[in-house]
Structures are given as structure tokens and as C-alpha cells.
Amino acid sequence: MVTMADVARSAGVSVATVSHVLNGTRPVLPHTRQAVLDAVEELGYTTNTLARSLVTARTRSIGLAVSAISNPYFTEILQGVEASALEHGYSLLIADPHDDPEHERKVVQLLHERRVDGMIVAPSADPRGLLAYLGRHDVPAVFLDRLVDAADGGPRFDQVCADNAEPTSRLVTHLAGLGHRRIGLVAGRPGLSTTSERITGYRTGLAFGGLPYDERLLVHGDSESAGAEQATAALLSLAVPPTALVTGNNAMTIGALRALRAHGLSVPGDIALCCFDDFAWADLFSPRLTAIAQPSRDIGAQAVRVLLERLAEPDRPARTVRLPCTFVHRTSCGCPEEPGQSERFEQPEQSERGTVA
């Protein structure tokens with residue numbers, strides 16, 4: 001069996017240098033690193049992961065707990081996590097908490113028992129059990145997409161997400177600028193930070209557009225297609241229904257479109273539509289969907305980088321990182337076709353002790 005010493009002899013370096021290259025424990029000159037990698041490839045050397053984990057108490061694995069993996073948004077986040085983990089020499093263990101607090105705690109415990117070095121978690125609307133478990137066992141973790149407010153108790157954790165309020169406000173002010181005075185919002189599941197932040201953005205956009213807030217125009221689709229279909233139908237049943245609609249994620253956009261079709265309404269002829277979350281086929285709808293595009297793969301990759309920084313520096317202050325979104329201007333809002341229009345919302349990285357609401 002080929003050993004690390006064989007690789008060192010072939011590359012003309014020390015065993016310690018080979019170890020640094022393979023484990024990423026110290027910077028190595030590019031030409032030296034390449035010589036080691038060439039020797040590894042030529043000799044067919046493979047690391048003994050089990051033996052290394054016994055020595056270092058590390059398994060070089062990351063646990064990922066994300067609900068609705070079938071959702072294209074979370075699928076792209078998963079791709080970003082996986083690519084970044086692989087780039088840094090980590091494997092990935094994946095579990096789906098199904099947005100259920102009790103199941104969430106169980107799958108996190110299961111991942112922990114598999115001795116992952118750290119976890120990336122998209123918390124449920126009630127993360128108290130999750131926080132208690134992670135804090136009790138001192139598990140390095142990064143919260144993804146959905147933030148946890150300090151009011152929920154427990155220790156502070158690193159968090160990575162997209163900006164939510166300003167992009168949602170942009171959708172509303174855009175519709176208001178087109179002359180709409182009754183703009184409805186199909187919001188996500190109550191209790192999620194993404195839901196509350198997008199509601200904040202909705203209300204801010206109304207204020208910027210000089211429009212009053214009408215609680216009857218805000219409904220919850222529970223972040224799912226079926227819920228959004230029912231919620232949109234409720235909006236359309238109002239004595240004075242909205243003339244424009246903002247949906248809170250891609251799954252709810254599909255549900256809203258189903259409800260509009262069931263009521264015989266066309267977009268944007270009868271009602272304008274803008275959505276939070278762009279997705280691969282949004283450009284194929286007729287009309288093409290005006291949307292907020294989240295940097296989903298970048299969110300996943302950034303979460304891995306933040307987790308690895310936490311593993312390297314366990315005592316550093318926790319931070320919240322927000323990544324900018326892009327306003328993708330198409331035609332479902334009622335605007336004429338103007339291919340290629342988009343606007344990026346610049347949001348600097350935030351590093352702080354307090355939790356972002």
C-alpha cells in the first residue's frame with residue numbers, strides 16, 4: 001500500500017509537507033504543492049480517513065440540515081455547500097428536518113452522533129430545541145437562510161443569508177410606480193425570519209410608494225404552493241381585490257399562478273405579479289416573471305467558509321453575513337419587454353455580536 005512517505009520521496013519533500021498539502025494545515029508554495037499532488041496522482045495514494053480522524057478527533061465531514069430539499073432554492077444552496085465542502089476536503093451528510101421542530105432536533109442529534117465536525121442548519125420557525133441541543137453539546141454550527149433572534153434564547157451562532165427587506169420593498173415600489181394602489185403580499189410561514197423581513201420590506205415599500213397598509217392584503221401561504229393557492233384565492237375574494245401581487249418565494253409563486261388561472265385572470269393583463277426567488281424556468285413563463293434572485297449557491301458556499309473559520313477559531317465572536325440579491329426585471333409586472341435588465345442590491349457583509357431580526 002502506498003504511504004505518505006512514498007509520496008514524500010517521489011515529490012522530493014518531507015512527510016510533513018505532504019501532510020500540510022493534503023490536510024490544508026499550513027500554506028505551501030504552489031510549485032511544491034503541485035509536486036505533491038502529482039506524486040499522489042502518479043502513485044495512487046489515498047488518505048486513511050478513519051485513522052486520521054482517530055488522531056485528530058476530526059472526521060472532515062459537515063452535517064447539513066435543510067428542509068424542502070426538493071425546493072429549487074434549497075437545491076441550489078445544497079450545490080453551493082457541496083462544492084465548497086469538496087473544495088476544502090470535506091464530505092457532506094444531509095438530513096431533512098421537514099420544518100418540524102421536534103424532527104429538526106432529532107436529525108441534528110443524528111448528525112452529531114455521526115461525529116461531523118460542524119453543522120449547517122436552516123432553522124425551523126421554532127428553533128428552541130435546536131438551540132438547546134447545539135448549545136448543550138457545544139456543536140460548531142452556522143444557521144443558513146433563516147436567522148435566529150437572540151430573543152429565542154440559547155447561544156449565538158454564525159449566520160448566513162440573503163438580504164430580504166430591501167429587495168421586497170423594491171418590488172412593491174416598482175408596482176406602486178406603475179400605478180397600482182392595492183398591492184397584495186402572499187407571505188411565508190409565520191415565525192421564519194425570511195417571512196418577517198419580507199413583510200417589513202412590503203410595508204416599507206408601501207410607505208415609500210405613498211400607500212396605506214391594509215392588513216387584508218397580507219396573507220400567509222406558509223411557504224408552500226398549496227398554501228399560497230388558498231391564500232391567493234382569499235385575496236381575490238375580497239370586495240376590492242388587489243391589482244398587483246408579490247409572492248414570498250418560488251413555491252408560493254406557483255400556487256399563486258394556479259389560483260389566478262382558476263379565477264380566469266391573466267398576468268399582467270388582469271393582475272400584475274412579482275416574486276421573491278428567481279428560478280430556472282421563470283424566464284420561460286408567459287409572461288416572463290419579474291423576480292428577486294437570491295445568490296443561493298453563494299449562500300451555501302459562504303456558509304461552509306464561515307463554518308471552517310469557526311472550526312479554526314472557536315472563540316471568535318459570532319457574525320451574521322448577508323449577501324446581496326438582484327432585481328430581475330421582466331414582464332409579469334406589466335412593463336414592456338426589456339431584455340437583460342437587472343439591478344443588484346449591494347449589501348456589505350455584516351459582522352456583529354447581536355442577532356439580525
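Select R316 and E309: their side chains meet in a salt bridge, 3.9 Å from N to O. The term salt bridge here means a side-chain nitrogen of Lys or Arg within 4 Å of a carboxyl oxygen of Asp or Glu. R316 is buried, at 16% relative accessible area, while E309 is partly exposed at 33%. For these labels, buried is under 20% relative accessible area, exposed is over 50%, and partly exposed lies in between, with a 1.4 Å probe and protein chains only. Next, pick D99, D145, R146, R189 and E224, which salt bridges with shared partners join into one network.

Before moving on, a word about the model. It is a predicted one, in which local features need pLDDT of at least 70 and side-chain atom pairs count only at pLDDT 80 or more, while totals for chains, interfaces and linings use all residues. Residues are numbered from 1 along each chain as its sequence is written, and side-chain values use heavy atoms, with hydrogens and water left out.

How many salt bridges does a search of the whole structure find? The search gives 14. Select R310 and D158 for one of them, at 2.9 Å from N to O. R310 sits in helix 12 and D158 in strand 5, so this pair ties together parts 152 residues apart in sequence. Are R310 and D158 buried or exposed? Both are buried. Now try D214 and R216, whose side chains also meet in a salt bridge, 2.9 Å from N to O. Here D214 is buried at 15% relative accessible area, whereas R216 counts as exposed at 54%.

Helices (H or I, at least four residues) and strands (E, at least two) are DSSP runs, numbered from the N terminus.

Now select helix 9, residues 193-208. Helix 9 has 16 residues and reaches 22 Å, close to the 22 Å expected. Its buried residues, including E197, R198 and Y202, pack against helix 8 (165-177), strand 6 (183-187), strand 7 (218-220), strand 9 (272-276) and strand 11. Just after helix 9, click on G210 to find a positive phi of about 70 degrees.

Finish by colouring the chain by pLDDT, the predictor's confidence in each residue, from 0 to 100. The chain's mean is 88, and 88% of its residues reach 70 or more. Over residues 49-57, pLDDT is below 50, and this stretch has 12 contacts beyond near neighbours in sequence; a contact means heavy atoms within 4.5 Å. Residues 347-357 also stay under 50, and for them the model has 36 contacts beyond four places in sequence.

Notes: The expected span of a helix is 1.5 Å times one less than its number of residues.
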